[in-house]
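Please read the notes below with the sequence and the model open beside you, and check each point against what you see. They are written for someone new to reading structures.

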Amino acid sequence: MSIFARIRRIPFWSWFWFILGALYFLLPLYATVNFSLRMERDVIGFKAYVRAFEDPEFLETFLYSNFLALMTIVASIILIVPTAYWIRLRLPEARRIVEFITLLPFVVPAIILVFGLIRIYSSPFKIPLTDITILQPLTTFEVGTDILIVAGYMVLGLPYMYRSVDTGMRTVDVRTLTEAAQSLGASWFTIITRVILPNIRAALLSGALLTFAIVVGEVTLASFLGVPAFGPYLFLLGQHRAYEPAALSFASFLLTWAAMGLIQLFTGDQQVSGAH
Amino acid sequence: MSYLSISRVTKQFGDTVVVDDFNLDVEKGEFVSFLGPSGCGKTTTLRMVAGFEIPTSGKILLDGADITDKAPNQRNVGMIFQSYALFPNMTVAQNIGFGLRVRKEPENMVKQRVEEMVSLINLEKHANKYPYQLSGGQQQRVSLARALAIHPQVLLLDEPLSALDAKIRISLRAEIRAIQKKLGITAIFVTHDQEEALSISDRIVVMNTGVMEQVGTPFEIYNFPKTRFVANFVGSLNTADAEVVDPAKGLVSMDGVQFESAEGTEGRKKGDKVKIAIRPERLSFASEQKKANVVDATIENITFLGSVVRIQVKIGNTKFNMDTFNNPFLELPGLGSKEQVTCSKEAVLVLDE
């Protein structure tokens, strides 16, 4: 059947809603691109892009945010995969409680989270009832602040990462695969790293992409913890310049689409195998 | 001392007793089937041997060593699952070699063993394929090879043929039995399919509601069921209410029709209510030479089942099925006609009501 014949078979209202949805998404994007290309009067060009990329602060903040995103993703996987796995395997009754906890970041705003973090971690850790300090306040040194912000980002990304991982585990028979591996002599570490993780890689990539998108664009935590991240940079740029933020926003879109394309590329095979 | 000993094993989930006082000794190289309906505790018992469940009480000894509380990955038992449980991210060869690599065997030894196993299951051409590229039967053969690759002390098979179609099921069960005999490995096979259990096993354990009903060879289980449950569950059976007439001679009466049983009715008194049970293939039309258990019957229905013809007859007020082998020259009586049917004294089982 030709593609036109297939298109004709789809009812009118399906097309109507599809086109309406697409316009809702594409029109603002088109406006942003159009605006970003008109930095010079009466000329369509990439000057805004050139100037945005030339700014050394752009690269610095962008790389730093990428580093934070990577750390967040790694830490989230280390925390969430064994948790979701254990709940599915041994504690199914705890699933509702954990799901509720994973939804909290939607209810508690980032501003509350960051003030809570600052309040708790800006004073030194002491052994109770003594004056012996075991750790300086995390907010007073660079690595400490990085740990703090990564922990905050893990909380923000929790709903996306947990749900992706949990959905991934639902598509494979975790319990039987675990038992099969155990009967062959595998330890828990071997089971998670060699059996479970490779079989949920599509879900992991989806969760990682969403976490990456959240971290790279995040403003509140980064601003209040005073770290040189990409989110606050973009925010400040938007207050002083007009065209460069539009150019960078569109570039961010392209980056996201590229990441989604990569996910499709890497997970295509697994989806085929999952269908069986 | 037996190779695998399951001694006084009980398993409770909360207040529910799933397996109750299970005792079984399995010899080395023996093929034992656990047979029973869903929920009878057969899979739970197997899982206790595998280490996936810990008994509430009792002991499991394997080659003299107590493995009751050992973790599954320290038991050296191979397990085959109904759903194959092959690792989707690994090829056939990688799946088979997984257990050996986990045990950190040298790579050349792993490769050699994988080749042996792939050749044992006749899947040499598929060694580099992924599970989703194989049929169900092929996947289960890979699962068998993977379990055997680690030289397990016991092979546990949890309804391995249930997900396969009828033809593959029959050929694969023969293959499993042939491989088990060739390697001389001790095997426990869980199934709810009586034909499967009868055809493949050295011994069968029939289970019901967590209790062992009978342990015996397939011949004993089929021909000499010890309980009403076994008689009903294994094979098809005609049963009818009856009354003891002469305990010494083994005479019982059903609707005024007398049957003589070879096993006798010892321990019972005249007038005791019992059940008689006769397998359909043990009934036949009476010839003149037959003297025992010749009774009048009316032909009610005739059903053609391919190799067998099932004739429903009415004896007294009770309907019995009678199976006879089909042949093109078989002369069948007309419906409603009066005939005499018979069975040997050995064919009449007397069970408690």
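1. In the second largest pocket, α13(A) gives the largest share of the lining, seven residues. (A pocket is found on a 1 Å grid over the protein atoms alone, as an open set of points where a 1.4 Å probe fits, with protein on both sides within 12 Å along at least five of seven lines; a lining residue has an atom within 4 Å of a point.) The elements that contribute two or more residues to this lining are α10 (201-217), α12 (230-240) and α13 (243-275) of chain A, where helices are DSSP runs of H or I of at least four residues, strands are runs of E of at least two, and both are numbered from the N terminus.

2. This is a predicted model, in which local features need pLDDT of at least 70 and side-chain atom pairs count only at pLDDT 80 or more, while totals for chains, interfaces and linings use all residues. Residues are numbered from 1 along each chain as its sequence is written, chains are lettered from A and ligands numbered from 1 in the order in which they are written, and side-chain values use heavy atoms, leaving out hydrogens and water.

3. The second largest pocket holds about 260 Å³ of space, and of its 15 lining residues, Ala213(A), Val216(A), Ser252(A), Phe253(A) and Thr256(A) lie nearest its centre. Its lining has eleven nonpolar, four polar and no charged residues; Ala, Val, Leu, Ile, Met, Phe, Trp, Tyr, Cys and Pro count as nonpolar, Asp, Glu, Lys and Arg as charged, and the others, Gly among them, as polar.

4. Turning to the interface, 23 residues of chain B are in contact (heavy atoms within 4.5 Å) with 20 residues of chain A. The two chains bury about 1900 Å² between them, 65% of it on carbon and sulfur atoms, buried area being the accessible area (1.4 Å probe) lost on putting two parts together, summed over both. Asn73(B), Phe98(B) and Tyr132(B) supply 29% of the area that chain B buries against chain A, more than any other three residues.

5. Which residue of chain B forms a salt bridge with Glu179(A)? The partner is Arg47(B), with the closest N and O atoms 2.6 Å apart, and the count between the two chains is one salt bridge, defined as a side-chain nitrogen of Lys or Arg within 4 Å of a carboxyl oxygen of Asp or Glu.

Notes: Grid points are joined across faces, edges and corners, and a volume is the space filled by probe spheres set on the points.
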